[in-house]
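Please examine the sequence and the structure before reading on.

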Amino acid sequence: MSAAPSVSRQPQQKGLKNSFHAALHPDEPLWRRVPSRDENGHLLADFRMLIPGLRDRSGLRQQHTLRIINAVLKHYGAWVVFADMNMRTNLLWVSIRPRPGLTLEIPAAIKTLVPEALLLAPYWRSA
């Protein structure tokens, strides 16, 4: 797979932000937990992907799929700020630092390796 970022200048690697906060509750909607801005106050972009049937697969097949997705997200680690896989709804939500085309590039890399994955909604947040 040649899923390398097409722009050579990337933000410094800071690692994925931990999405856990003491004030969060497990039943709190994801859209309330997803960060809208990075540590410097810049708006983030998001995309969501549906992985049909993931929750119904065997544990080993689920783990294999999740490892593939994780590997792609780690490849783009300088850009990915938040990722959440909801196994109940088979929904992957990823927040990234904005860069033109990246909300399509990362899902394309995932789809190459997980063909059943469907891109639902790439979008840029407005101020």
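## Terms and basis

Two residues are said to be in contact when they have heavy atoms within 4.5 Å of each other. The structure is a predicted model, in which local features need pLDDT of at least 70 and side-chain atom pairs count only at pLDDT 80 or more, while totals for chains, interfaces and linings use all residues. Residues are numbered from 1 along each chain as its sequence is written, and side-chain values use heavy atoms, with hydrogens and water left out.

## Overall organisation

The protein chain contains three helices and five strands; helices (H or I, at least four residues) and strands (E, at least two) are DSSP runs, numbered from the N terminus. Their order, starting at the N terminus, is α-β-α-β-β-α-β-β.

Of the 127 residues in the chain, 37% count as buried. Buried means under 20% relative accessible area, exposed means over 50%, and partly exposed lies in between (1.4 Å probe, protein chains only). Among contacts between residues at least 6 apart in sequence, 70% join residues at least 24 apart.

## The nonpolar core

A nonpolar core is a set of buried Ala, Val, Leu, Ile, Met, Phe, Trp, Tyr and Cys residues joined through side-chain atoms within 4.5 Å. The largest one here has 22 residues, and Ile96, Ile106 and Ile110 have the most contacts inside it. Two or more residues of this core come from each of strand S1 (45–50), helix H2 (59–75), strand S3 (91–96) and helix H3 (102–113). In soluble globular proteins, nonpolar side chains tend to be buried together.

Which residues does Ile96 touch, leaving aside its neighbours within four places in sequence? They are Leu44, Ala45, Phe47, Trp79, Val80, Val81, Leu102, Thr103 and Ile106.

The expected span of a helix is 1.5 Å times one less than its number of residues. The twelve residues of H3 should therefore span 16 Å, and the distance of 17 Å between its end C-alpha atoms agrees with this. The buried residues of H3 are Leu102, Thr103, Glu105, Ile106, Pro107, Ala109 and Ile110. Their cover includes S1, H2, strand S2 (80–86), S3 and strand S4 (118–119).

The axes of H2 and H3 come within 10 Å and cross at roughly 150°. Axes are lines fitted to C-alpha atoms, for helices over the stretch in contact, and angles run from 0 to 180 degrees between N-to-C directions. H2 and H3 are therefore roughly antiparallel to each other; angles under 35 degrees count as roughly parallel, over 145 as roughly antiparallel, 65 to 115 as roughly perpendicular and the rest as oblique. Ile68, Ile69, Val72 and Leu73 of H2 make the contact with Ile106, Ala109, Ile110 and Leu113 of H3.

## Buried residues in loops

Arg57 lies in the loop between S1 and H2. Is Arg57 buried or exposed? Arg57 is buried, because its relative accessible area is 14%. Not counting residues up to four places away in sequence, Arg57 touches Ile51, Pro52, Gln62, Thr65 and Glu116.

Ala78, in the loop between H2 and S2, counts as buried because its relative accessibility is 6%. The C-alpha atoms of Ala78 and Arg97 are separated by 8.4 Å, although these residues are 19 residues apart along the chain. Asn90 is placed in the loop between S2 and S3 and has a positive phi of about 60° although it is not a glycine. Asn90 counts as buried because its relative accessibility is 7%.
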